[in-house]
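This report considers the structure shown below, with attention to its chains, its nonpolar cores and its helix packing.

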Amino acid sequence: MAGIVIDESRCVGCGLCVKTCPQGAIEIKDKKAHVGDGCIACGMCLDSCKLGAISRTQEKGGEDLDSWKGILVAAEAYEGKLHSVTLELLCKAKELQCDSKCGISAFLMGKDVEKLAQELINHGADTVYLCQDESLAYPTEEPWADALTSVIEKARPEILLFGATEFGRSLAPRVAARLRTGLTADCTVLQIDKETGLLQQTRPAFGGNLMATIVCPNHRPQMATVRPGVFPMGQGEMRQGTVVRLPVPALSGRVQVESAQPAPESKTIADAQIIVAVGRGIGSQKNMQYAYELARLLGGQVGASRPLVDAGWAQYPMQVGQTGKTVAPKLYIACGISGAIQHMAGIGGAETIVAINTDPDAPIFQSAHYAIVGDCVEVLKEMIAQLQK
Amino acid sequence: MKIIVCIKQVPSTNQVKLDPETKTIIRDGRQSVINPFDTYAIEEAVQLKEKLGGKVTALSMGIPATQRILREAMSQGVDEALLLSDRAFAGADTLATAYTLALGARHIGDFDLIVCGRMATDGDTAQIGPELAEDLGVPHVTNVSEILEASDKELLCRKVTDYGTQVVRMKLPGVITVAKDINMPRMASIRGVRESLEAPFTMLGAADTGADPARIGLKGSPTQVVRTFTPEKTVECQFLQGDAKEAAGALCRLLKEEHLTGEEA
């Protein structure tokens, strides 16, 4: 257990820590700071104290943590192809282990997936744990967790990474709860702390306005999920590796996929390279046509902010932001979007952001690369006219 | 059908503002609300009860003031509520929270279905549903967008995947997390609000639930936040001048220069 403790002999009750605490968990009683129930031990107060009166207690987990070594990546395959995030995680794993030679392994499970093992090896896996069977056409959490847990018990990886796909975000917590270890969702930065050797997992909190770095000091494996597109994929090269075949776990049959319906052919904004996103500043539903026309000319898709979806001018699959889609396009053109933090949480991965808004103080300009202060409808019309030339 | 719906109290996010100088959260006037994703879980649980009969119990872990949102859930058709509240529960990460909620579910006992929201707006982890299912030793299905058939033995539902949708059959008892477009949460009726004030409400602490002190709160949480910081602003914004025509022209030229138009992107 770690907690925040106040050295009362040093505390003068200045209240600086009270102002700093994002949880509002510190109060001054009798001219001394007191840490209350709301404390999540984030440590922001440590730096705020000019008198060094605040410290963190640490409990060492004596358990044989050193016997856990290497990195295991839980691969995901769909229709005979590896998910891009699996290769991105392998690339990251290579970077994390460049100092040590403890090995990278991958866990691959499904129907007809054996042919993908070499691709995992080429992208950095030294060992591929393969569980293949006709009955494994659709991933379901319990059999996957059973097989993966058996690998973890045998291989004892220090770090276990999942793609934050729909299935990865469902499987990873099931495995974490079974192993009683920590899991950090949607990490955007992963690095090894040079002093402690711990995996530092950084993720956005409070809609991306704060970043939190999280560690899992006393439990193994250290588990994290990472969204697709956050890390680069890297180049594969012909390599040698080992494929270890696993027995097929007994299927509990408690969850059965009866049928699967592919998403309609139309491209989704989640993997669009160019997005023209529309907010309240578009003014009327009629003006949406200009966004669609610009998107067509640029070869992109149309996204929307939440108020537009709530108003019924756009459909939910088009919604970008905290409660909608997270997107990572090369170009994001925000038209009449003010840039509320919930919206910004969804576009952190965009390479170039263009913002068009009538309000020169709109928060969207803080994150934009190019900005136009003006009516987005007029600018859209002009852009369409110029691109059509 | 005996249904448990798990809900969380979160800051009403549209009021979260950062102090531009100290970069800390301005707490003034920040209200707590039911996690928006959980409102769909409440509605789905209540609709199932109305169809099949039975009872819906709302379950939450939080400070005593969480009672207010549990009463709100009861005004929307939930029959009773259990709040797990104890200083010892404080500082829990998802593992410790799921363990604690599992204790609550066992205390309620004999449930057929647990319904959770897809995730909470303050943490965004979407981990509690699956972790809770594992702790209780029952199956789970995430991101359910439609319940097609339900009995107290099994559930046939549609779930959203990265590649489309699936129709999934789950044996009960089990846990589902529901997608946000699964239903339209109802408004509380005046009668509902009145009845919620009288509805059975229980608050239990760590000792009442037989919690293992090593598995709850900060002590039972494997993950630790070591640092929080505001992301550095690395973007230098270039304002394009002129009227709509001039600015649009400048932008089109820039996009072409950066090969961001058409197929080249």
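Two residues are taken to be in contact if their C-beta atoms, placed from the backbone, lie within 7 Å. The model is predicted.

## Thr100(B) and its surroundings

Thr100(B) is located in helix H3 of chain B. Once its neighbours within four places in sequence are set aside, Thr100(B) is in contact with Met61(B), Leu84(B), Phe89(B), Ala92(B), Ala211(B) and Ile216(B).

Is Thr100(B) buried or exposed? The threshold for a buried residue is 20 or more other C-beta atoms within 10 Å. Thr100(B) has 26 other C-beta atoms within 10 Å and is therefore buried. Thr57(B) and Thr100(B) are separated by 43 residues in sequence, and their C-alpha atoms are 16 Å apart in space.

## Nonpolar cores

The largest nonpolar core comprises 146 residues, of which Leu108(A), Leu161(A) and Val5(B) touch the most other members. Helix H3 of chain B, residues 94-108, gives the most to this core, with eight residues.

For Leu108(A), leaving aside neighbours within four places in sequence, the contacts are Ala75(A), Ala77(A), Val113(A), Leu116(A), Ala117(A), Leu120(A), Val128(A), Tyr129(A) and Leu130(A). A second, separate core holds 55 residues, including Val278(A), Leu308(A), Ile372(A) and Ala248(B).

## Packing of H3(B) with H4(B)

Two packed helices are described by the angle between their axes and the distance between the axes. H3(B) packs with helix H4 of chain B (residues 128-136) at an angle of about 55°, and their axes are 8 Å apart. H3(B) and H4(B) are therefore oblique to each other, and their crossing is right-handed.

On the H3(B) side, the contact is made by Thr94(B), Leu95(B), Thr97(B), Ala98(B), Tyr99(B), Leu101(B), Ala102(B) and Ala105(B). H4(B) contributes Ile128(B), Glu131(B), Leu132(B), Asp135(B) and Leu136(B). By class, nine residues of the contact of H3(B) with H4(B) are nonpolar, two are polar and two are charged.

## Packing of H2(B) with H5(B)

Helix H2 (residues 67-75) and helix H5 (residues 190-198), both of chain B, have axes that come within 7 Å and cross at roughly 130°. H2(B) is therefore oblique to H5(B). The crossing of H2(B) and H5(B) is right-handed.

Arg71(B), Met74(B) and Ser75(B) of H2(B) make this contact with Gly192(B), Val193(B), Ser196(B) and Leu197(B) of H5(B). The residues of the contact of H2(B) with H5(B) are divided into three nonpolar, three polar and one charged.

## Contact between the chains

The contact between the two chains takes 88 residues from chain A and 76 residues from chain B. On the side of chain B that touches chain A, the elements giving two or more residues are H3, H4 and H6 (244-257) among the helices, and S9 (140-150), S11 (164-171), S14 (224-229) and S15 (238-239) among the strands. By class, this side of chain B has 35 nonpolar, 23 polar and 18 charged residues.

## Overall features of chain A

Chain A has eleven helices and 22 strands. Its C-alpha atoms fill a box of roughly 70 × 65 × 40 Å, taken along the principal axes.

Of the 389 residues of chain A, 50% count as buried. Among the contacts in chain A with a separation of 6 or more, 62% are accounted for by residues 24 or more positions apart.

Notes: Residues are numbered from 1 along each chain as its sequence is written. Chains are lettered from A and ligands numbered from 1 in the order in which they are written. This is a predicted model: local features need pLDDT of at least 70, side-chain atom pairs count only at pLDDT 80 or more; totals for chains, interfaces and linings use all residues. A nonpolar core is a set of buried Ala, Val, Leu, Ile, Met, Phe, Trp, Tyr and Cys residues joined through C-beta atoms within 7 Å. A residue is buried if 20 or more other C-beta atoms lie within 10 Å of its own, exposed if 12 or fewer, and partly exposed in between; C-beta atoms are placed from the backbone. Helices (H or I, at least four residues) and strands (E, at least two) are DSSP runs, numbered from the N terminus. Axes are lines fitted to C-alpha atoms, for helices over the stretch in contact, and angles run from 0 to 180 degrees between N-to-C directions. Angles under 35 degrees count as roughly parallel, over 145 as roughly antiparallel, 65 to 115 as roughly perpendicular and the rest as oblique. A crossing is left-handed if the near helix is turned anticlockwise from the far one by less than a right angle, and right-handed if clockwise. Ala, Val, Leu, Ile, Met, Phe, Trp, Tyr, Cys and Pro count as nonpolar, Asp, Glu, Lys and Arg as charged, and the others, Gly among them, as polar.
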